[in-house]
Amino acid sequence: MTSKLQIYLFSFLLIFIAVATMAYKVKYLDFPLFSGEDKSIFNIEAKIKFEGTGENAFISLALNEEQDEMFVYNESASSLNYGYTTAQVDGYKRAEWAKRHIRGTQTIYYSIDVIEDSSYISQKTKKYISSKPLDMNSIMTQATIAIMDDAEINSADDLSMTAKLIEKFAKEEPTQAVGLFKRRYIHSDNDLRNTLVTLLKFKNVQVRRLGVLKLKDGQKNVKLTPMLEIFSKNRWQLFDIHTGKIDRPENLFVWQRGGVSLLDAEGVINSKVSFSISENAISSRRAALLKSSASEISLMDFSLFILPNESQNAFKQLLLIPIGALVVVLLRVLIGVKTSGTFMSVLIAMAFMQTQLIPGLIMFLSVVSLGLIVRSYLSYLNLLLVARISAVLIIVVGIMAVLAVIAFKLGFEDAITITFFPMIILAWTIERMSIVWEEDGAKEVFMQGGGSLIVAVLAYFVMINPIIQFWTFNFPEFLLAVLGVIILVGRYSGYRLSELYRFASMVKKK
Amino acid sequence: MIIFPSELKKLGILGMNARNIDYIGKCNDRKLYPLVDDKLQTKQLATQHGLKTPEFFGAVEYQGQIKNIEDLLPKKSGFVIKPAQGSGGKGILIIHKRENDIFYKPSGESLTLIDIKRHTSNILSGLYSLCGKDDVAIIEKLIEFDEVFDGFSFEGIPDIRIIIYKGYPVMAMIRLSTSMSDGKANLHQGAVGVGIDILTGKAISAVQYDRPIFHHPDTGKELLKLEVPYWEEILYLACGSYDMTNLGYLGADIVLDKYEGPMLLELNARPGLTIQIANSQGIIHRLSMIDEVSVTHENIQQRIDFSLKNFKNNV
Ligand SMILES: Nc1ncnc2c1ncn2[C@@H]1O[C@H](COP(=O)(O)OP(=O)(O)O)[C@@H](O)[C@H]1O
Ligand SMILES: [Mg+2]
């Protein structure tokens, strides 16, 4: 009894480990459970254009900061012959290019890839750097007081005050004070954002500027959209300067943050930066891989993905063998199917995967039956077993070659895949079958051969199942669950399905 | 026709999985298997323990010995060549009689010495043994038919299978060869199995290919008339094989020689389940009764007495 308990514990433990690891990978490493799910990967390219004047050029671009729920990788700068570095300036990351004696129109590119990832949390500590309030003349100060006092009275906290303020500026018919600001200062979205920031600072709201990109495919030469962010209740809250609070910043990528300038250019003229965004679909598996390899999650270091591509493909096949074995175990223990040779069926199923089912079946049956005919002649020659098997082997090769050529001439190009059948297995199958034929008769040959083929076909269908293939490769720990099930089934002491038929006559009598 | 597992359970029928796990797995120590899987070892062991087996003419171990095989073959009487590690009747060549250089199978088919050598060579190269590993060919005396079986068996010698559990005889059947089984009494080759009452040695019911049968398919003889002579002696011989091998769940195959009486033919550590169909009853109840035996039965006689007392055939 204790040994039985142990078996149960052990196999359930295996199954549990497998399921838990899979769950972990799905939940925290963002592995997709099914292959069909696609993710978007955005390529953002900053294009800096300027004209050289013959002086030494120094270009500096503010870079994106770490951002929650946005996973950034593949940062790359392409700029011919420029000295390129990244540097931290006042706590902000910048890309810097330098070159002597620049002439003519120049273009520099800087690009990153971004995956939206709801579970990604940036590691940067949130910081707030205050900048000096703007100088304003007295009229403007009075207007400011009018606007802000009204906003303050009609709101409960910084958040609602900001919302109120944005609403005031968005109105078609603004109040007099707002109108004054609009006429004097506001000629672009940037001006509007800066004005809002100034006004909010007047009330000591912790506020900072953002330059945001909307992640949407096919955007060319766009500018950063100005937005602002205020710090309240221990977190930063994003605001659109026209519509107000943004609760779920989907598809918004913050490039520039704080008071830093986006582009500094010395020694050149007409410098400007614009962004292009393109979207690509990649399987979410690749996305998960990219992320985990970039963030160096140690679990991944031991996964199959670190292998070179060709060996990965070989492993894809190998990892399916346990699944085939599971099918054999289930069919033999639970159903009671008779097969010739225990795992021959799995090998045949593997061959079917290369040849496709129907061509594979036709090839298998023709090779084995031709082989049986030849073998029956060989038995007259009175050969030793090893020699006979080798002879059968050579004949199998011959039959395969002839079949391949004939089929090819007839236009069945699939026939070439016949080489995927394991020849030794075929030869042994023929040998065993011919013995069974001599000893137990044709009926037994069809029983065992048919049983093996049925098992092979079933194993084939399980093994080509896309979900199974996806799981065994992406979640090799899934095989632990298979092992657990096999161990469980190995302790199944109930009746086989075939026995319900076999012993049927005993019940009928009573 | 299929029936519910619960009904099988009620009848106490042992299934293949339960046999493997609950009986063979528990009672049969792996390292003892070679004693029974290798018929040569079984034969030697039986001789040491004083259990009678068919007379041994010799064994061929190497291909090189085959050319001298004639020296081992009896000049007049029949003989049998079989693979030491064969099973299920595979590779057994039965020579009924010999006339100079012509050898006759029970079916009348004639063979030459070359055929015999080729067969022996096949045996040695492992064609009939599990996994094709090298094997040894045993040559032994042909068992002569006892008249009581006249008409019950076609060409081949019937063999009596007795299941021995922990040394107690549990269930018995006799296997009769048919034209289909080619002189060999192996059930899946088409031999008839007749359940035998442990108490009396009399037939209970019969099966062929797992289905009930009443008359021998070749001779038409009424199978239930069968009665095995020397029954006590046969039980004694079968139980002795437990003391000899220590295998807890065992099938002993016994044949009756016309002149020498019961002899141990082979032992089987994985005896089949058809015996239940032949007996029209499940074996589990009897096995559990043995599991529950409280007093210790020291010797074979006491164990046989226990079985005779408890295992009434209830059909
Ligand atoms: N010495 C023999 N004399 C006559 N028949 C034999 C002899 N040995 C084997 N046989 C026949 O062959 C059958 C199978 O032989 P056995 O030794 O039980 O080998 P297996 O392990 O293959 O069942 C027996 O049931 C019997 O009918
Ligand atoms: Mg036998």
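This is a predicted model: local features need pLDDT of at least 70, side-chain atom pairs count only at pLDDT 80 or more; totals for chains, interfaces and linings use all residues.

Reply: Residues are numbered from 1 along each chain as its sequence is written, chains are lettered from A and ligands numbered from 1 in the order in which they are written, and side-chain values use heavy atoms, with hydrogens and water left out.

Me: What is the area buried between chain A and chain B?

Reply: The size of an interface is often given as the accessible area lost when the parts come together. Here the buried area (accessible area lost by two parts on being put together, 1.4 Å probe, summed over both) is about 3600 Å², and carbon and sulfur atoms give 57% of it. The contact (heavy atoms within 4.5 Å) takes 33 residues from chain A and 48 residues from chain B.

Me: Which side chains meet in a salt bridge across the interface of chain A and chain B?

Reply: Side chains of opposite charge can pair when their charged atoms come close. A salt bridge here is a side-chain nitrogen of Lys or Arg within 4 Å of a carboxyl oxygen of Asp or Glu. The rule finds one across this interface, between R502(A) and D210(B), at 3.1 Å from N to O. On the side of chain A that touches chain B, α12 (385-409), α13 (423-440), α17 (497-502) and α18 (504-508) each supply at least two residues; helices are DSSP runs of H or I with at least four residues, strands are E runs of at least two, and both are numbered from the N terminus.

Me: How many Å should the residues of α12(A) span?

Reply: The expected span is 1.5 Å times one less than the number of residues. For the 25 residues of α12(A) this gives 36 Å, which agrees with the 36 Å between its end C-alpha atoms.

Me: Which parts does the salt bridge of D150(A) and K168(A) tie together?

Reply: The closest N and O atoms of D150(A) and K168(A) are 2.4 Å apart. D150(A) lies in α2 (138-153) and K168(A) in α3 (158-170) of chain A, so the pair ties together parts 18 residues apart in sequence. D150(A) is partly exposed, at 33% relative accessible area, while K168(A) is buried, at 9%.

Terms used. Buried means under 20% relative accessible area, exposed over 50%, partly exposed in between (1.4 Å probe, protein chains only).
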